[in-house]
Every structure is written in C-alpha cells, then in structure tokens.
Amino acid sequence: MNNLIQVSLSNALQKIVLKVSLLKIGILKNILIRMFIKHYEIDMTDYPRKSCHQYKHFNDFFTREILPDKRPIDKSENALISPADGKIIEHGNIEEGKLIQIKGVKYELCRLLDNNIMLSEDYKNGSFISIYLAPFNYHRIHAPLEGNLEQAIMVPGEMNRVDAKALSNIESLYTKNQRLIAKFKGPDFDCILIMVAARNVASMTYEKKSEAFSKGDEFGRFNLGSTVVILLPNETEIEWAPNVSFGNNVKLGEKIAQLSKIK
C-alpha cells in the first residue's frame, strides 16, 4: 500500500513540475530561470539566448540550444563522440549480457533493451558507457556516430531518480525507468543510444523527420534531464579516450573512444 501511495505522489509531483515548467507567466517564468542560473552557476555565454526574457517558459530555457562553436564535433575517422554534456557514471565491457550500473552493481542487457532477445545477442559482449546529465547541463542529445536511425522505441516505465545514490540503492534502475531505445546503423559501425528518464522528467522528444544522421546531429532532448547509455556491438573493438573514467565530465562532441573492427 505504501508503494502505491508513493507512486501516486510521484505521479502527482511529476504533473505539477511539468505544468510549472510550461507556464508562460512572465514574472514567474523569469524568476524561476534567474534562480536556476544563479543556483547552478550556469555560464550563459555558451548559449545564443542569454536573457530569461528570450525564453517562452522554463522548459524552453531548460532545453535551450547551444552555440555550435562552444561544442565542436570531433570529426576524426572512427571516433565515438559524447552525445551530451554530462558526467561519466560507468563504462567498459558488456560481459555475457551484463552491464555495470555503478561500482560493480550489475544489471541485464536484455531487460534494458525491453527483452529484445535478438538485439541483445548482437550486443551481449560489446561495450557501453553511461553519462548522467545534471540539471545544469545542456539537455539536447546528439548522434554519437554517423548512421541511419533504424528504430526508436519508447518503453514505458517508472520515474526513479538516477543520481549516484539511487543507482547504488535501486537494483536494475535503468531497466525500470521509462526510456527511449534508438538503434543507429552506420556505414562502418552501429550503436544503440538509450535515453533514460528520471524523476520530474516525464517528457523526452526525438527527431522523427530524418532517418540519416551525421555525427553530432541533434537527435532528441530531455524536457527536464537524466541519463544516456551508449551500447556498441560485439564485433566492435573500442579504445577509450584518456578522459574517460568514473566521475569525469564530458562535453558534447568530445571524442570518448576510438573504434575499430575486431579481426
């Protein structure tokens, strides 16, 4: 019964936060944005719209676009780039269908992929990286590789927090939360990009107009933030960049790995 009450309260809070984030009342909207910028010490020189008056509502500010020259895209051959600004939570090998959630806590790849057994087989001995987006981060998500979007599936689920404490305490958290699973097929390498929702992140959107993405093209956005997981398939050899380690911050467009085919 307590769980039902907790879920109901969480759902109610979710709706309230989303409604507030979409309010267009100028004074309230501007106060919220100013408080947010001050609290999180956001450097607004990275963004073309620098004044709170230039945003329709708080969510418009939260999903704000960034100046392209502030996030140059690494175009080097076979480089995997970070799809977002954020903090690295875990990375490494997928071992017989198991990934690390945080500090040795493992979870099932098949469950993460919504029990898609065929897809899981192609990635069960591949590689992964998980990147957490804090509230102050840029919240648009970009293609980590060149490729065609073969499928994008929204999986319904819970709205648990996804910070380090929650990852340590909630078993298989990523497999429980709402998530968007996007599979890209590239000319040389394939990958799966998973956007994992979190508390107060009821809305994720993604680009449906085009199937072909160049590396660094905008793919989607969190309408109040969370986590991105990238999966690389079995036959892909990966050499992680020196900046890739637990707790390190990465920015959109940075090279996070060099890819090659396993011979």
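A salt bridge here is a side-chain nitrogen of Lys or Arg within 4 Å of a carboxyl oxygen of Asp or Glu. By that rule, the count for this structure comes to 12 salt bridges. The model is predicted, so local features need pLDDT of at least 70 and side-chain atom pairs count only at pLDDT 80 or more, while totals for chains, interfaces and linings use all residues. Residues are numbered from 1 along each chain as its sequence is written, and side-chain values use heavy atoms, with hydrogens and water left out.

**Salt bridges between loops**

- Side chains of opposite charge can pair when their charged atoms come close.
- Arginine 71 pairs up with aspartate 46 in a salt bridge, with the closest N and O atoms 3.4 Å apart.
- Arginine 71 sits in the loop between α3 and β1 and aspartate 46 in the loop between α2 (26-40) and α3, so this pair ties together parts that are 25 residues apart in sequence. (Helices, H or I of at least four residues, and strands, E of at least two, are DSSP runs numbered from the N terminus.)
- Both partners are buried: arginine 71 has a relative accessible area of 7%, and aspartate 46 has 11%. (Buried means under 20% relative accessible area, exposed means over 50%, and partly exposed is in between, using a 1.4 Å probe and protein chains only.)
- Arginine 49 and glutamate 65 meet through their side chains in another salt bridge, at 2.8 Å from N to O.
- Here arginine 49 is in the loop between α2 and α3 and glutamate 65 in the loop between α3 and β1, so the pair ties together parts that are 16 residues apart in sequence.
- Arginine 49 is buried at 17% relative accessible area, whereas glutamate 65 is partly exposed at 23%.

**A salt-bridge network**

- Arginine 221 forms a salt bridge with glutamate 218, and their closest N and O atoms are 2.7 Å apart.
- Salt bridges that share partners join Arg49, Asp60, Glu65, Arg140, Glu218 and Arg221 into one network.
- Arginine 221 is partly exposed, with a relative accessible area of 23%, and glutamate 218 is partly exposed too, at 28%.

- Asparagine 137 belongs to the loop between β5 (127-132) and β6 (140-142), and at 12% relative accessibility it counts as buried.
- A polar atom of the asparagine 137 side chain lies 2.7 Å from the backbone nitrogen of alanine 134. (A polar contact is a pair of N or O atoms within 3.5 Å; within protein, one must be able to donate a hydrogen and the other to accept it, and residues adjacent in sequence count only if both atoms are side-chain atoms.)
- Not counting residues up to four places away in sequence, asparagine 137 touches Arg64, Asp85, Gly86 and Tyr132. (Contact means heavy atoms within 4.5 Å.)
- The second largest pocket is lined by 18 residues, and Arg71, Asp85, Phe136, Asn137 and Lys251 lie nearest its centre. (On a 1 Å grid over the protein atoms alone, a pocket is an open set of points where a 1.4 Å probe fits, with protein on both sides within 12 Å along at least five of seven lines; lining residues have an atom within 4 Å of a point.)
- The elements giving two or more residues to that lining are β2 (86-93) and β15 (249-250).

**Lysine 50**

- Lysine 50 is in the loop between α2 and α3 and is partly exposed, at 44% relative accessible area.
- Its side chain reaches the backbone oxygen of tyrosine 47 at 2.7 Å.
- Leaving aside neighbours within four places in sequence, lysine 50 is in contact with Met44, Thr45 and Leu67.
- Lysine 50 and phenylalanine 61 are 11 residues apart in sequence and 9.8 Å apart in space, C-alpha to C-alpha.

**Two asparagines with positive phi**

- Most residues other than glycine have a negative phi.
- Asparagine 78 has a positive phi, near 65°; it is found in the loop between α3 (58-62) and β1 (79-81) and is partly exposed at 24% relative accessibility.
- Asparagine 115 also has a positive phi, of about 60°; its place is in the loop between α4 (109-112) and α5 (117-123), and it is exposed, with a relative accessible area of 52%.
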